[in-house]
Amino acid sequence: MTTPIPKQKYNLDKLQKRLRRDVGKAIADFGMIEEGDRIMVCLSGGKDSYTMLEILLNLQHSAPVNFELIAVNLDQKQPGFPAHILPAYLEQLGVEYKIVTEDTYAIVKEKIPEGKTTCSLCSRLRRGILYRTATELGCTKIALGHHRDDILQTLFLNMFYGGKLKGMPPKLMSDDGKHIVIRPLAYCREKDIERFAIERKYPIIPCNLCGSQPNLQRQVIGEMLNDWDKKYPGRIETMFTAMQNVVPSHLNDASLFDFKGIQHGSEVVNGGDIAFDREEIPMQPMGWQPQDDENVAAIERLDVFEIK
Ligand code: SF4
């Protein structure tokens with residue numbers, strides 16, 4: 001007779017499996033990790049970075065390449081920052097780590113007038129310190145905990161306020177041209193991370209210790225996307241799939257596609273134009289898959305790459 005598995009454990013296993021699969025696929029699709037990499041995992045104490053560290057540690061045992069992980073937290077000396085939490089957690093995990101202490105809070109307070117938003121200077125200072133730390137620690141990659149929903153929010157922020165069709169890359173060269181930044185959670189849904197973090201009971205450090213207002217525009221876009229997700233299941237997945245199916249010949253950027261080169265006798269590109277036809281909109285959004293727990297078996301049957 002088999003021993004019944006407690007429901008909570010079963011759900012946690014399924015969540016972990018799904019997150020592992022998503023992270024493994026992103027790593028493979030974008031060539032994020034190579035043999036011999038030493039990866040600096042940026043740990044803020046929020047749900048995303050805890051999850052990223054755990055899943056990467058997990059994959060480290062089964063990955064086809066060898067890589068090292070070092071967790072790094074930046075203590076920015078914000079009032080009330082519980083400095084003991086992360087060292088205690090990381091000690092117990094047995095992972096190599098470094099806590100960098102820099103009083104960026106004082107700098108920001110000194111430079112930015114009261115009532116003005118402090119995030120842009122604060123982020124710039126943080127970025128510089130993290131790049132410097134990566135060099136000091138001999139790291140080849142810097143891993144950040146942004147997930148699929150952050151990427152979509154950024155896409156809409158750039159469209160609504162920046163006039164650009166631009167998201168957040170899963171892998172990029174840092175702005176100082178010296179570091180490769182990766183986002184292993186790029187395919188992970190925020191709600192999976194949220195549930196996983198709750199189940200794992202991570203010692204979350206609140207992100208509003210500095211007293212700064214959250215980015216209201218990002219918040220509004222986040223709410224818009226959550227609303228769509230409730231009203232139109234599958235829309236988020238479809239939009240994310242769209243970011244992976246870009247058709248430059250059917251956009252309007254002349255630097256991406258040679259529109260001037262189209263002449264009589266040119267080939268039909270990407271299906272031509274259906275502007276004069278009645279468009280067929282698929283009833284089931286593209287890229288949609290059932291994602292709730294009841295349907296998890298269907299997802300697990302999907303043929304996707306996972307680091308073994
Ligand atoms: S919320 Fe506070 S800690 Fe975070 S970037 Fe803004 S100023 Fe910095």
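View 1. Leaving aside neighbours within four places in sequence, Cys119 is in contact with Ser212 and Asn215, where a contact means that the C-beta atoms, placed from the backbone, lie within 7 Å. Please keep in mind that this is a predicted model: local features need pLDDT of at least 70, side-chain atom pairs count only at pLDDT 80 or more, and totals for chains, interfaces and linings use all residues. Residues are numbered from 1 along each chain as its sequence is written. Cys119 lies in helix α5; helices (H or I, at least four residues) and strands (E, at least two) are DSSP runs, numbered from the N terminus. Is Cys119 buried, exposed or partly exposed? Cys119 counts as partly exposed because it has 15 C-beta neighbours inside 10 Å. The cut-offs run like this: 20 or more other C-beta atoms within 10 Å of a residue's own make it buried, 12 or fewer make it exposed, and anything in between is partly exposed, with C-beta atoms placed from the backbone.

**View 2. Cys122, also in α5.** Helix α5 holds Cys122. Here the count is 20 C-beta neighbours inside 10 Å, so Cys122 is classed as buried. Not counting residues up to four places away in sequence, Cys122 touches Thr104 and Val108.

View 3. An unreviewed UniProt entry places the feature "binding site" at Cys119, Cys122 and Cys210. These positions are spread over 92 residues of sequence, yet they cluster in space, with a largest C-alpha distance of 10.0 Å. UniProt positions are given in the numbering used here, feature names are shortened, and annotations may be inferred rather than shown by experiment. Which residues surround the ligand? They are Thr118, Cys119, Cys122, Ser123, Cys210 and Ser212, where near means a C-beta atom, placed from the backbone, within 6 Å. This shell divides into three nonpolar, three polar and no charged residues. For these classes, Ala, Val, Leu, Ile, Met, Phe, Trp, Tyr, Cys and Pro count as nonpolar, Asp, Glu, Lys and Arg as charged, and the others, Gly among them, as polar.

View 4. Ile112 is found between α4 (104-111) and α5 (119-136). With 16 C-beta neighbours inside 10 Å, Ile112 counts as partly exposed. Beyond four places in sequence, Ile112 touches Thr118 and Leu121. From Ile112 to Cys122 the C-alpha distance is 10.0 Å, and the two are 10 residues apart in sequence.

**View 5. Two loop lysines with positive phi.** Lys77 sits in the loop between β2 (67-75) and α3 (85-93), and its phi is near 60°, a positive value in a residue other than glycine. Lys201 belongs to the loop between α7 (190-200) and α8 (216-231), with phi near 55°, again positive. Lys77 has 16 C-beta neighbours inside 10 Å and so counts as partly exposed, whereas Lys201 has 7 and counts as exposed.

**View 6. Helix α6 packed with α8.** Helix α6 (residues 148-162) and α8 pack at about 115°, with axes 9 Å apart. Axes are lines fitted to C-alpha atoms, for helices over the stretch in contact, and angles run from 0 to 180 degrees between N-to-C directions. Asp149, Leu152, Gln153, Phe156, Leu157 and Tyr161 in α6 meet Gln217, Arg218, Ile221, Gly222 and Leu225 in α8. By class, this contact has six nonpolar, three polar and two charged residues.

How values were computed: Contact = placed C-beta atoms within 7 Å.
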